[in-house]
Amino acid sequence: MTELLSDLINGLSLGALYALIALGYTMVYGVLRLINFAHADVMMVGAFTGYYTARALHVSRSPAIWKVVVVFAAAMAACALLGLIVERAAYRPLRKSPRLNALITAIGVSLLLENGGQLPFVFGTDIKSMPDLIAGAPLASLAGVSIDSIQVLGFATAFALMVVLNLVVFHTRIGVAMRAVSHNPEVASLMGVGVDGIIAFTFMLGSALAGGAGVLYAMAFTSLDPVMGLLPGLKAFVAAVLGGIGSIKGAMVGGLVLGVSEYLVVFLGYSGYKDAVAFALLILMLLVKPTGLFGRPMTEKV
Amino acid sequence: MSEAPLHLAGVPAAPVPASRAALRSALPFLIGVPLLLVADLLVPAGSYTLRVLYDVGVAIILAVSLNIVNGFTGQFSIGHAGFMAVGAYGAAYLTLAHRSWALAHGHSIGAFEGQAVFTLALLSGGAMAALAGALVGIPSLRLKGDYLAIVTLGFGEIIRVIIEQTEALGAQTGLTDIPPYANLFWIYFWVLVTVLVARRLQASSHGRALLAIREDEIAAEAMGVDTTAYKVRAFVIAAFFAGIAGGLFGHHLTTLGPRSFTFVKSFEVVVMVVLGGLGSISGSILAAMVLTVLPEALRSFDRYRMSLYALLLISLMLTRPSGLFGSREIWQLRRPRRAP
């Protein structure tokens, strides 16, 4: 029982991370109908930015709350900038071309970030370890299971970021514009929405979330390398599809479901297959309900 | 303007007699097989050139088979290494099992000796990969859009995880001491088969259906093309040849590890297909050759190789989205482009 509870808590905190990354996928898919493969690598860049900022601030020697905030802000800002650059340089010129081309370009950008990151004068191939942003101490204990402060910080930050995102998307003018573009770009532009600007903003927002997720991921797993984004990125995408791609609520739920089911597999004693669960779930979902939990059925127009 | 009757590349303008058609089907083998046998004798065994030639052959099979899905049908699979792994492990497991059986009993099973065992193992490996292709393809190809990309990517991961967890397949360390059955003859024999199948497929009514799906799925469906069935079939054929390539790969390297079949491998094949031109068989062959030989020539350059591939892919998509040759073959390059 204790074991199940601790696996559930681990699953929820991992799921919150997946949800955070999945939001970026789902928002970009919403406005562009593009799987932004580079999103996972944006997260990696966020993790590295966080790592270098934390080192520059000597966080491990004298921890302070403001330093944690600066680390997150730096990572999110760097990722937002990166998202903007990628959108401008690689995706915008292809907006009118077939979707396959954009997809190939996205894979190209992803490969470039991963392999460029491995170059000796960028991040290098050696695995770096993230300094502790806050002292890892058991905060509370629930039925014999201690909840770590890093987990609490992770979950709280992820949750706060999602609340902010929800406010932006559903309670601001720019959020209305985003939803309009996602609904129909042509009509939105006729209604006076600057589609290019909104798409760029969506990329920045999604990338900033990925940056935050990158720091949280680095804190939870402590090791960083240029291909670290690959697997969580893929799984987060699966989470987005599970919840229904294009749906913000779906991405959050999908992420949590995925995180919990991964740890359930660990609980059942198949920890070797942990990484395969996501894809098994994906195939199952595609067979049963291809639009995902909260997805709208899309009709293809000629 | 058009004194020559308008006909599509590779499709004969007039029906040919059955005897000539049969000869025409056999001709590539009548010429190719003796040539390969001679080449096999000429190239010294164990040389560096030979090893590069092996790699080029395997790369050609991979690229041409992936082109059937990504080029002809316009679907986007990025898990080719997964199918390659299925074929490689399947074939290697069978030859290893046969060898231990033969060692235990002092003789082979029935009349099976080296090459016959290898051929059977290779075909079984291909069949296993094809089965895996059907299992992956049926759920994901029913859907439109980019799901195939992510499912194939995920499938490659699942295969790797399963191999890493299976003791019988050597888990993390992999299989070693696989009999080196694959030689120049066998590898290029299968290159010949792959290229011919792809070429014939392209020219057949079946291939026309695939091209129609690529050009416009809705229109193809309206014309009575059973899009899902055709997509699955293309996917299964591609998976079969990826499995064959895997089997050949394992039997010339003599060791197999799960690390050989990561995303990077799949992406390399994708880059070959895209660079050569989606839908161009000769383009794929050329790109497979260049992208296999070039890194060998620039060994010290290895560190920058993948970054360069990535830049190549992006700039290609931005400037020449249909690849170097588009969907045309090398010998059609001077012919003016057909109106879309």
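What is the mean pLDDT of chain B, and what share of its residues reach 70 or more? The mean is 80, and 90% of the residues of chain B reach 70 or more.

## Model and confidence

This is a predicted model. For the complex, the predictor gives an ipTM of 0.76 and a pTM of 0.81.

Within chain B, helix 1 (residues 18-42) has the lowest confidence, with a mean of 76. The highest is found in helix 9 of chain B, at 90. Over residues 1-7 of chain B the pLDDT is below 50, and this stretch has 2 contacts in the model beyond near neighbours in sequence.

## Architecture of chain B

Chain B contains 12 helices and 0 strands. Its pattern along the sequence is accordingly α-α-α-α-α-α-α-α-α-α-α-α. The C-alpha trace spans about 70 × 45 × 45 Å along the principal axes of chain B. The radius of gyration of chain B is 20 Å, which agrees with the value near 20 Å for a compact globule of 340 residues.

Of the 340 residues of chain B, 48% count as buried. Among contacts in chain B with a separation of 6 or more, 84% join residues 24 or more positions apart.

## Interface between the chains

The contact between the chains takes 35 residues from chain A and 33 residues from chain B. On the chain B side, at least two residues each come from helix 4 (114-141), helix 5 (147-165), helix 10 (263-276) and helix 12 (302-319). Helix 5 of chain B gives the largest share of that side, 11 residues. By residue class, the side of chain B that touches chain A has 24 nonpolar, 5 polar and 4 charged residues.

## Nonpolar core

The largest nonpolar core has 211 residues. The residues with the most contacts inside this core are A:Ala19, A:Val238 and A:Leu282 from chain A, with B:Ala63 and B:Leu313 from chain B. Helix 1 (residues 2-32) of chain A contributes the largest share of the core, 15 residues.

Leaving out residues up to four places away in sequence, A:Val238 touches A:Leu258, A:Ala278, A:Phe279, A:Leu281 and A:Leu282 in chain A, and B:Gly154 in chain B.

Helix 1 of chain A has 31 residues, of which 23 are buried, so the helix is mostly covered. From first C-alpha to last, helix 1 of chain A reaches 45 Å, close to the 45 Å expected at 1.5 Å a residue. The residue that follows helix 1 of chain A is A:Arg33. A:Arg33 has a positive phi of about 55° although it is not a glycine, and lies in the loop between helix 1 and helix 2 (39-56) of chain A. A:Arg33 is partly exposed because 16 other C-beta atoms lie within 10 Å, whereas a buried residue needs 20 or more.

Helix 10 (residues 248-267) of chain A has 20 residues and reaches 29 Å, close to the 28 Å expected. After helix 10 of chain A comes A:Gly269, with a positive phi near 95°.

## Individual sites

A:Val145 is in strand 3 (residues 145-148) of chain A. With 18 other C-beta atoms within 10 Å, A:Val145 is partly exposed. Apart from residues up to four places away in sequence, A:Val145 touches A:Thr2, A:Leu5, A:Ser6 and A:Ile9. A:Val145 and A:Ser6 are 139 residues apart in sequence, and their C-alpha atoms are 5.9 Å apart in space.

B:Val236 is in helix 9 (residues 227-253) of chain B. B:Val236 counts as buried because 22 C-beta neighbours lie inside 10 Å. Beyond its neighbours within four places in sequence, B:Val236 is in contact with B:Ala130, B:Gly133, B:Ala134 and B:Gly137. B:Thr254 is found in the loop between helix 9 and helix 10 of chain B. B:Thr254 is a residue other than glycine with a positive phi, near 65°, and is partly exposed, with 15 other C-beta atoms within 10 Å.

Notes. Residues are numbered from 1 along each chain as its sequence is written. Chains are lettered from A and ligands numbered from 1 in the order in which they are written. This is a predicted model: local features need pLDDT of at least 70, side-chain atom pairs count only at pLDDT 80 or more; totals for chains, interfaces and linings use all residues. A nonpolar core is a set of buried Ala, Val, Leu, Ile, Met, Phe, Trp, Tyr and Cys residues joined through C-beta atoms within 7 Å. A residue is buried if 20 or more other C-beta atoms lie within 10 Å of its own, exposed if 12 or fewer, and partly exposed in between; C-beta atoms are placed from the backbone. Helices (H or I, at least four residues) and strands (E, at least two) are DSSP runs, numbered from the N terminus. Two residues are in contact if their C-beta atoms, placed from the backbone, lie within 7 Å. Ala, Val, Leu, Ile, Met, Phe, Trp, Tyr, Cys and Pro count as nonpolar, Asp, Glu, Lys and Arg as charged, and the others, Gly among them, as polar. The radius of gyration is taken over C-alpha atoms; the globule rule is 2.2 Å times the number of residues to the power 0.38. The expected span of a helix is 1.5 Å times one less than its number of residues. pLDDT is the predictor's confidence in each residue, from 0 to 100.
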